[in-house]
Amino acid sequence: MNEQKNTSERIIEAFIELFRDFGYKGATTRAVAERAGVNEVTIFRHFGNKKGIMDAALESVSYSPFLEKIINEDMVWDLEKDLWKIADSYHRYMVKINDLVLIGFREAQLFPELNDTIVQIPKQLKANLVSYLTEMYNRGKLIETNIEFQAMNFIWLNFGYFLSKSRFGNQVITSSQNEFLKHSIQLFARGLTP
């Protein structure tokens with residue numbers, strides 16, 4: 001079992017490296033097998049096909065499990081403080097996978113199977129945030145509002161900042177991430193707090 005896990009991990013790591021270097025098209029099962037030091041048949045046995053590797057690779061770098069852990073263990077049930085913790089950890093995480101995100105978006109238009117997998121990321125984030133905001137509402141700490149819309153607004157606020165900084169550096173917004181988050185989260189929380 002441990003050997004199987006190590007083989008799977010090597011295949012996923014090889015796929016991610018090739019995806020970074022050559023994009024989705026260049027991360028062929030043959031190239032992945034060669035880089036991982038396995039037979040191509042091993043890839044099919046572990047993952048079924050290239051999409052299976054991609055799904056496992058995206059799951060391995062997904063923020064969603066990390067966010068679930070934060071919501072389940074680190075929330076103090078103060079909207080502004082909790083949203084700060086969520087946003088701060090989100091941005092630290094996104095910086096680590098910056099190149100994967102940008103390549104994924106660029107190539108998703110070319111490969112429907114890649115797009116189908118990538119769309120799961122914001123869906124998972126939305127589900128986690130809806131769960132948190134619903135609990136805040138149930139505790140009487142959130143106004144009556146469309147919680148799904150507010151979850152998406154928070155995702156867009158953070159992802160928009162990340163994308164702007166990743167793509168344009170300081171050309172669009174020169175303030176620091178901390179300054180941006182402080183003011184944005186303060187306003188966001190003020191608008192939703194009874």
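The largest nonpolar core of this predicted model has 61 residues, and those with the most contacts inside it are F15, L79, I86 and Y132; such a core is a set of buried Ala, Val, Leu, Ile, Met, Phe, Trp, Tyr and Cys residues joined through side-chain atoms within 4.5 Å. Residues are numbered from 1 along each chain as its sequence is written. Because the model is predicted, local features need pLDDT of at least 70 and side-chain atom pairs count only at pLDDT 80 or more, while totals for chains, interfaces and linings use all residues, and side-chain values use heavy atoms, with hydrogens and water left out.

Helices (H or I, at least four residues) and strands (E, at least two) are DSSP runs numbered from the N terminus, and buried means under 20% relative accessible area, exposed over 50%, partly exposed in between (1.4 Å probe, protein chains only).

Not counting residues up to four places away in sequence, L79 touches Y132, L133, M136, L142, A189, L192 and T193, where contact means heavy atoms within 4.5 Å. L192 lies 113 residues from L79 along the chain, yet their C-alpha atoms are separated by 8.5 Å. With neighbours within four places in sequence left aside, N128 is in contact with S64, L67, E68 and I71.

An unreviewed UniProt entry annotates residues 28–47 as "DNA-binding region"; UniProt positions are given in the numbering used here, feature names are shortened, and annotations may be inferred rather than shown by experiment. Over residues 28–47 the chain is 80% helix and 0% strand, with the end C-alpha atoms 13 Å apart.
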